[in-house]
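I open this notebook to record what I looked up in one structure. The entries follow the order in which I consulted it.

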Amino acid sequence: MLMTMFHSSLSHFTIRVTENNAPGALLSSLTAFDPDLHENQYLVYFILEKEIANTSMSMLFSINPENGNLYALKTFDYEIEKEFLFHIEARDSGSPPLSSNVTVHIIIVDQNDNAPVIVSPWRAHGSVVEEKIPRSTDKGSLVAKVIALDTDSVHNSRITYQFLQVTDATLFSLDQYNGEIRTMRMFSYRDPRHQRLIVVAKDNGEPALSATVTIKLSTMETAVKAYSDMTEVPLEYDIFSDLNLYLVIGLGSVSFLLLITILVTIVLKCQKPKPSKAAPPCRNSVISERNSTIADSTLVSNDAYWYSLFLAETRKGKLVVRQPVPKGSRYIVSSIPRGTGLTDTSDSAASTLQVRK
């Protein structure tokens, strides 16, 4: 409790009130002095009416008119109301009455009543944050960043970060002031694929309040999206990846086969067949010509058929030879070109017929 006496030289008083006070708590006791005697020295205290944000001071504070005790009528919250300024007047009972007033400055003192709130990485209440990072991550790479906010005063809201639990303490480091989690070394084949990190964010109040977040890191063989170092870096594309290499090889093979097919087709079309040599004429063979009628040594059994063959062959300018078959009435008929030097002999007993045009 603060006791204050009015003096003509003092016109301003400061009263500090810790937030979350109980309604009706005594804040201070103000006393004024009047040198007059008897009833003239009897004093009355009251608050000069003033409104703050459409709220009257008489709804926030109360003063005992007889002894000057000042009371708070509500609980104050530093995060909502930080200070109040109003006047208190002391008036005597003389005629005419005399008075004096003083300015009262109420300062609400912060109490560490708000725990930090983790805003990044975001997660539903009580859930685990899951992040994926490439297994080929270099040493010193940023894998996560924890950000917590505290609505208390500047002193109480100062946040520090530390690991509460970590799968491998040699693999990750945590900056206690900015909450950045970085790799201390590269991953090895012995490191488990899943890493569990529990980070606690603690404020600077008395007693200190804290909040925790659980991060489950999964390492991937292929590159996945990771946290950048808060700077924009141009993206690099792997032009010759395995898939692209297979596509290039397949396209090249198809093009090569198509080219070979075209070249073979052109060669075959440009190649001309060589003319075959005609066989030398002989007596008992027929040169293949259009409308040929008699094959080699055609056997004829009647005169009518023989005559029709004779006419057909003589129209082509050929000689037709008919030779009787021994012990029979049939003939062997052959055609030969003219000018072969064929002569009749007594041994052959063959008949040569020639028709001249």
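The entries below go from the whole chain to single residues.

**Entry 1. Conventions**

I note that this is a predicted model, in which local features need pLDDT of at least 70, side-chain atom pairs count only at pLDDT 80 or more, and totals for chains, interfaces and linings use all residues. Residues are numbered from 1 along each chain as its sequence is written, and side-chain values use heavy atoms, with hydrogens and water left out.

**Entry 2. Confidence**

I looked up pLDDT, the predictor's confidence in each residue from 0 to 100. Its mean over the chain is 77, and 67% of the residues reach 70 or more. Over residues 223-228 the value is below 50, and this stretch has twelve contacts in the model beyond near neighbours in sequence; a contact means heavy atoms within 4.5 Å. Residues 341-357 also stay under 50, with 30 contacts beyond four places in sequence. Where pLDDT is low, the predicted coordinates should not be read in detail.

**Entry 3. Overall make-up**

I find two helices and 23 strands in the chain. These are DSSP runs numbered from the N terminus: helices are H or I with at least four residues, strands are E with at least two. Of the contacts with a separation of 6 or more, 64% are between residues 24 or more positions apart.

Of the 357 residues, 31% are buried. For relative accessible area, buried means under 20%, exposed over 50%, and partly exposed in between, with a 1.4 Å probe and protein chains only. The chain exposes about 23800 Å², of which carbon and sulfur atoms supply 57%; the areas come from the Shrake-Rupley method with a 1.4 Å probe, and for residues only the protein chains shown count as cover.

**Entry 4. Helix α1**

I consulted the UniProt record, an unreviewed entry, which lists residues 245-268 as "transmembrane region". Its positions are given in the numbering used here, feature names are shortened, and annotations may be inferred rather than shown by experiment. In the model, residues 245-268 are 100% helix and 0% strand, with the end C-alpha atoms 35 Å apart.

L268 is in helix α1, residues 242-270, and counts as exposed at 57% relative accessibility. A nonpolar surface patch of about 680 Å² is made by L268 together with F256, L257, L259, I260, L263 and V264. Patches take residues with over 30% relative accessible area and no salt bridge, joining nonpolar side chains (Val, Leu, Ile, Met, Phe, Trp, Tyr) within 5 Å and like charges within 9 Å.

**Entry 5. Salt bridges**

I searched the whole structure and found seven salt bridges, each a side-chain nitrogen of Lys or Arg within 4 Å of a carboxyl oxygen of Asp or Glu.

- E81 pairs with K74, the closest N and O atoms being 3.3 Å apart. E81 is buried at 18% relative accessible area, whereas K74 is partly exposed at 28%.
- K145 and E180 meet at 3.7 Å, N to O. The pair links distant parts of the chain, K145 in strand β13 (142-145) and E180 in strand β17 (180-183), 35 residues apart. Both K145 and E180 are buried.
- R193 and E221 meet at 3.2 Å, N to O. R193 lies in the loop between β17 and β18 (194-202) and E221 in the loop between β19 (210-220) and α1, so the pair ties together parts 28 residues apart in sequence. R193 is partly exposed at 43%, and E221 is exposed at 55%.

I also note that salt bridges with shared partners join K145, E180 and R182 into one network.

**Entry 6. Backbone details**

I looked up the cis peptide bonds. One joins S95 and P96, with omega about -5 degrees; P96 is in the loop between β9 (83-92) and β10 (99-109). Another joins E206 and P207, with omega about 0 degrees, and P207 lies in the loop between β18 and β19.

The loop between β2 and β3 holds N20, a residue other than glycine whose phi is positive, near 65 degrees. N20 is partly exposed at 38% relative accessible area.

**Entry 7. Two single residues**

G24 is in the loop between β2 (12-18) and β3 (26-31) and is partly exposed at 42%. Not counting residues up to four places away in sequence, G24 touches Y71, A72 and L73.

E131 is in strand β12, residues 129-134, and is buried at 19%. E131 and L217 are 86 residues apart in sequence, yet their C-alpha atoms are 4.9 Å apart in space.
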